[in-house]
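Student: I'd like to go through this one in pieces, strands first. Can you put it up and start with the terms?

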Amino acid sequence: MSRFYITTPIYYVNAVPHLGTFYSTVVDDALARYHRARAKSQGLDPKGNVFFLTGLDEHGQKIERITREKGVDPQLYCDGIAEKFKAAWERFGISNDDFIRTTEPRHEAAVAEMWKRLEAAGDIYKAEYDGMYCVGCESAKSEDDVDLEDGQKVCKIHRTPVERVKEQNYFFRLSKYAPRLLEWYAQTPSPVQPESRRNEVRAFVESGLRDLSVSRQKKSVSWAIPVPGDPEHTIFVWIDALTNYLTVLGGPEAVARGAGQAAFWDAANHLVGKDILRFHAVYWPAMLWSAGLPPPKQVFSHGFLTVKGQKISKSAPATKVDPNAIADELGVDPLRYFVLREYVLGADGDFTYESLFQRYESDLGNDLGNLLNRTISMAHKFVAGKVEGSDEYPGAADAKQEAERAWEEFAPSRALEAVWKIVREGNRYIDEKAPWALAKSPATLPALHGVLGRSLETLRWAALMVAPVMPGAAREILRQLGREKDDGSWPDKWGWPGGVLTDPKPVFPRVEPERQTALIAQWTGTLAAAATPAAPAAAAAKPVPAPGVDIAYDDFQKLDLRVAKVTAAERVPKADKLLKLTLDVGGDPRTVVSGIAPAYSPEQMVGKTVIYLANLAPRKIRGVVSQGMILAAGGDEVLALSGLDRDVPPGTPIR
Ligand code: MSP
């Protein structure tokens with residue numbers, strides 16, 4: 001196990017945390033927690049081996065302007081926003097080891113040191129700058145970066161006019177580092193990830209690097225760190241901001257010496273959004289070489305979270321998703337779980353409330369929550385809570401290894417997928433072994449202990465492996481298992497070590513469909529929609545994977561689709577849209593509640609052959625337990641039932 005240093009970008013103080021910034025911070029937090037758990041399990045000091053940094057980017061023209069417009073003192077303004085960030089990160093369980101603010105004296109000293117080192121290397125010179133600048137990006141723009149709109153040049157990213165800057169500046173000899181950058185990108189594994197992003201920066205460097213303007217005249221930008229020895233000039237905000245990663249390790253001089261905290265530099269991983277990749281994968285390594293320091297170990301670029309395809313940001317009110325409001329309702333951990341499980345790190349991902357509830361209900365409630373609940377209940381009921389022994393389960397070690405590999409490769413969604421393999425298999429194992437039957441005879445008592453022990457051990461492993469993502473929920477699961485002392489470690493040997501089981505308590509309480517609809521309306525500000533009757537559960541919007549997102553064949557195979565024949569049908573009292581159907585599926589009859597009453601009468605339904613999803617978790621609808629659902633065409637409005645073009649016996653699987 002080697003050291004691990006992980007950073008978030010430092011956020012501009014023009015906005016308080018939103019779902020996009022929450023995402024990039026939570027990914028880092030989970031990585032840091034995973035590495036701490038691994039260190040602890042290897043007998044190492046997690047604090048000494050893992051260092052996680054986040055903070056704020058407080059200087060520059062953008063902030064200078066905002067505070068001037070508001071007529072507030074910039075430092076007081078930054079202090080206020082800093083409190084909000086700190087409170088938000090605390091609420092969301094962010095376990096950063098330091099919080100850097102670029103207006104702190106320790107940082108200003110580190111930036112001055114950095115500047116002097118670049119200067120000493122002969123890489124700083126004065127020249128006339130004449131070009132375009134976007135304050136939103138805090139970056140110079142070339143003709144390729146702008147569009148012409150109503151005769152004005154606008155930044156392609158911010159859609160706001162770029163400004164012409166013409167003044168004497170200091171420049172950094174970026175162009176000198178092109179060959180070294182290309183060599184660096186060519187390393188395997190590449191220090192710039194994912195590969196597609198590496199290709200993108202390589203192409204940028206190959207197209208020809210120009211030297212970088214790294215200062216402004218104080219009279220044009222004053223909310224910045226002065227150039228050492230030339231106070232009429234101020235340091236460009238990106239030179240200032242990037243240096244933060246060294247400040248917390250003691251500054252460039254300390255990092256060059258490499259002792260103590262500074263030794264973390266060799267293990268630096270920067271996780272950044274794709275919009276700021278160039279700064280981290282081109283300018284930053286060049287600056288570091290110039291300063292006589294090694295480049296970071298890895299720059300990993302993630303994509304954007306979007307709403308209806310549009311990047312979530314403060315400047316796009318239509319994309320507003322408030323993580324606080326969601327956490328108020330579901331808790332912090334389910335939201336952390338959702339963003340890490342739903343999106344592949346590196347790709348863009350579209351956010352919908354429907355998919356949030358879908359994962360909450362299926363992954364957390366029906367899979368993990370259900371496994372916990374049923375296992376503990378059965379252990380109390382059948383063996384007075386005292387379970388001895390556990391069946392072998394080699395699949396658990398495979399899943400653990402897969403999760404480790406995934407975390408090492410910065411793939412949280414895959415790590416969680418691996419955990420869910422054992423959780424789902426855990427539920428399946430119980431169904432197959434039927435502990436309730438084993439409990440009936442003393443002869444099968446050892447087998448009963450084996451099954452319950454394996455289920456408890458699966459839960460203990462699952463809790464330890466989801467802890468980087470859901471630290472609070474994991475702690476609660478471990479508490480119910482009587483294994484709090486394992487918190488913060490990583491699974492080691494298989495075998496239920498015993499524990500005093502508490503009463504089972506839902507970790508992910510159910511949110512009824514009507515409440516989900518009302519919440520979505522509230523969160524999206526469409527309260528009018530909430531006033532219309534809630535869609536019946538069976539016809540409620542089912543999240544569909546975004547177009548173009550493939551699901552694995554394995555995922556499809558999880559659906560137990562069968563031919564079913566409707567043997568009886570009746571209306572559900574006081575529910576216009578619902579029919580209660582009795583289905584012949586080959587074995588015991590099944591009951592489903594279906595929102596098809598507007599399209600089919602009970603009489604029309606009897607005798608029909610339909611396609612039935614048998615393994616949808618049962619749910620109570622208007623007092624009737626619905627065991628699965630039948631498939632129909634249409635969205636909220638049912639247009640037709642799915643059927644077959646020839647007769648096959650009820651119960652026949654569909655593939
Ligand atoms: N201050 C600079 C970073 C300096 S790092 C030395 C900055 N700040 S920012 O506040 O604008 O953005 C910070 C990070 O948040 C970026 O990595 C950006 O990609 C990320 N995100 C902002 N909106 C986002 C989404 N909608 N989705 C995912 N990440 C998003 O740039």
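Tutor: Two strands pair if DSSP finds at least two bridges between them. Strands (E, at least two residues) and helices (H or I, at least four) are DSSP runs, numbered from the N terminus. This is a predicted model, where local features need pLDDT of at least 70, side-chain atom pairs count only at pLDDT 80 or more, and totals for chains, interfaces and linings use all residues. Residues are numbered from 1 along each chain as its sequence is written, and side-chain values use heavy atoms, with hydrogens and water left out.

Student: Fine. In what sense do β1 and β3 pair, and over how many bridges?

Tutor: Strand β1 (residues 4-7) pairs with β3 in the parallel sense, over 4 bridges. Phe4 stands opposite Val50 in β3.

Student: Which way does β4 run with β3?

Tutor: β3 and strand β4 (residues 98-101) run parallel and are joined by 4 bridges. Leu53 has Asp98 in β4 as its bridge partner. Strand β2 (residues 11-12) also runs parallel to β3, with 2 bridges, and there Tyr11 is partnered with Leu56.

Student: How many residues of β3 are buried?

Tutor: In β3 (residues 50-57), 8 of the 8 residues are buried. Buried means under 20% relative accessible area, exposed over 50%, partly exposed in between, with a 1.4 Å probe and protein chains only.

Student: New topic. Where is Val466, and why does it count as buried?

Tutor: Val466 lies in helix α18 (residues 445-466). Val466 counts as buried because its relative accessibility is 1%. Leaving out residues up to four places away in sequence, Val466 touches Leu416, Val419, Trp420 and Ala474; contact means heavy atoms within 4.5 Å.

Student: Trp420 again: which residues have the most contacts inside the largest nonpolar core?

Tutor: Ile326, Val339, Phe351, Leu368, Trp420 and Met470, in a core of 109 residues. Helix α14 (residues 353-383) gives the largest share, 12 residues. A nonpolar core is a set of buried Ala, Val, Leu, Ile, Met, Phe, Trp, Tyr and Cys residues joined through side-chain atoms within 4.5 Å.

Student: And what does Ile326 contact?

Tutor: Beyond four places in sequence, its contacts include Phe351, Leu356 and Trp523. A second, separate core has 64 residues, among them Ile124 and Phe172.
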